[in-house]
Amino acid sequence: MAHEQNYLPAKFDESEVTTFTTHTGEERQVLRHEGLSLDVNFISSGFIPDVRENLKKMRKMECRDDDVFICASMKSGTHWVWEMTTMLLKGKAEYENVSKETRMMEFHWPEEFDSLPSPRALNTHFYLRLLPEQLENGSKGRIIFIQRNPKDVVVSNFHHRRNMTIGQFKHSFSDFLQIYLDHGFTVDWFKYTNDWNEIIADNNKLQIHMMYYEDIIKDPIGETRRLADFLKVDYDEQLIKDVSHNCNFKNLKKANKEVKAEASGNPNPEMNDFQNMYRKGEVGDWKNWFTVADSEKFDAVFNERMKGLNFKYTYSLKQK
């Protein structure tokens, strides 16, 4: 399916593009910029702004005191928490008729958010050091940081990439895992998580609320209440229950198809890559995809790269 051009397609010199051959023999071209590894086909499509120019604008973006930035690596629960946040901020358990991609930093020029009423709930997968200076230095804005166990993150990324039309991944899960460990996709999960580990450990100026994907599944009412307290919104227990109910995985998946019309729910009406965001929403699905060898390979890299990590992950739950 054709993809409508929203922005001028980004152009690159050959020197800016890195071509590497994966262990499958496939050549992949990426633009490496500011620690990001971006698929050339995606950013040259005109679907999103030229990341090199956008990052400059992003750093100088004028934030508001009550801005909320939801930060997470890809496939860690950003859609889920964004919906919870928007409901709590407006005091109604009603779905937005747009998707979180319409409020995603890397998909738009910062000035496109100027007309949004306060408080704005924005989201991003980029490193904190690439986001607005006012957010990074703690002078304006609040941060919700989401984590999910990394093995389920890999599996969810695999299915997302397999369903994409731009830069679609067509090989096996084991092949995807090897590339994920060797090169990363857009953001290196290991570096991203280590960066946040340091930020939170050394923090004395940022307003950060940390959430775990698995905790929202285990205790949706409690996690919704904790989020409401952080956002400093007025609420009663009925609102907490209603938000928690409407934001359970089954209802979010249904609303994604029935409430969010394509014309407003996608950043591009012709883009189907963002219609399959809700797959299973389970904890421990990685066990259905990782072989013993895959798991050992991942654990070896994790143990080597994540020394001193303060975060604790839940890799399985008894599903209700």
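Ser156 touches Lys75 and Arg148, where touching, or contact, means heavy atoms within 4.5 Å and residues up to four places away in sequence are not counted. Ser156 lies in helix α5 (residues 150-163); helices (H or I, at least four residues) and strands (E, at least two) are DSSP runs, numbered from the N terminus. At 13% relative accessibility, Ser156 counts as buried. Buried means under 20% relative accessible area, exposed means over 50%, and partly exposed is in between (1.4 Å probe, protein chains only).

The model is predicted: local features need pLDDT of at least 70, side-chain atom pairs count only at pLDDT 80 or more, and totals for chains, interfaces and linings use all residues. Residues are numbered from 1 along each chain as its sequence is written, and side-chain values use heavy atoms, with hydrogens and water left out.

**The chain as a whole**

The protein chain has 13 helices and seven strands. Of its 320 residues, 54% are buried. Among contacts between residues at least 6 apart in sequence, 73% join residues at least 24 apart.

**Backbone exceptions**

Most residues other than glycine have a negative phi, and most peptide bonds are trans. Lys75, one of the residues touched by Ser156, has a positive phi of about 65° although it is not a glycine. Lys75 is in the loop between β4 (68-71) and α3, and is buried at 14% relative accessibility. Glu34 also is not a glycine and has a positive phi, of about 55°. Its loop runs between β2 (27-33) and β3 (36-39), and Glu34 is partly exposed at 43% relative accessibility. The peptide bond from Ser118 to Pro119 is cis, with omega near -5°. Pro119 sits in the loop between α3 and β5 (121-124).

**Helices α3 and α9**

Two packed helices are described by the angle between their axes and the distance between the axes. The axes of α3 (residues 78-90) and α9 (residues 220-231) come within 10 Å and cross at roughly 55°. Axes are lines fitted to C-alpha atoms, for helices over the stretch in contact, and angles run from 0 to 180 degrees between N-to-C directions. The two helices, α3 and α9, are therefore oblique to each other; angles under 35 degrees count as roughly parallel, over 145 as roughly antiparallel, 65 to 115 as roughly perpendicular and the rest as oblique. On the α3 side, Met84, Thr85, Leu88 and Leu89 meet Thr224, Leu227, Ala228 and Leu231 of α9. These contact residues divide into six nonpolar, two polar and no charged. Ala, Val, Leu, Ile, Met, Phe, Trp, Tyr, Cys and Pro count as nonpolar, Asp, Glu, Lys and Arg as charged, and the others, Gly among them, as polar.

**Glu237 and the cysteines**

Glu237 is in helix α10 (residues 237-246) and is partly exposed. The C-alpha atoms of Glu237 and Ile221 are separated by 9.1 Å, and these residues are 16 apart along the chain.

A disulfide is a covalent bond between the sulfur atoms of two cysteines. With a disulfide taken as a pair of cysteine sulfur atoms within 2.5 Å, a search of the whole structure finds zero.

| Residue | Relative accessible area | Class |
|---|---|---|
| Cys63 | 2% | buried |
| Cys71 | 0% | buried |
| Glu237 | 36% | partly exposed |
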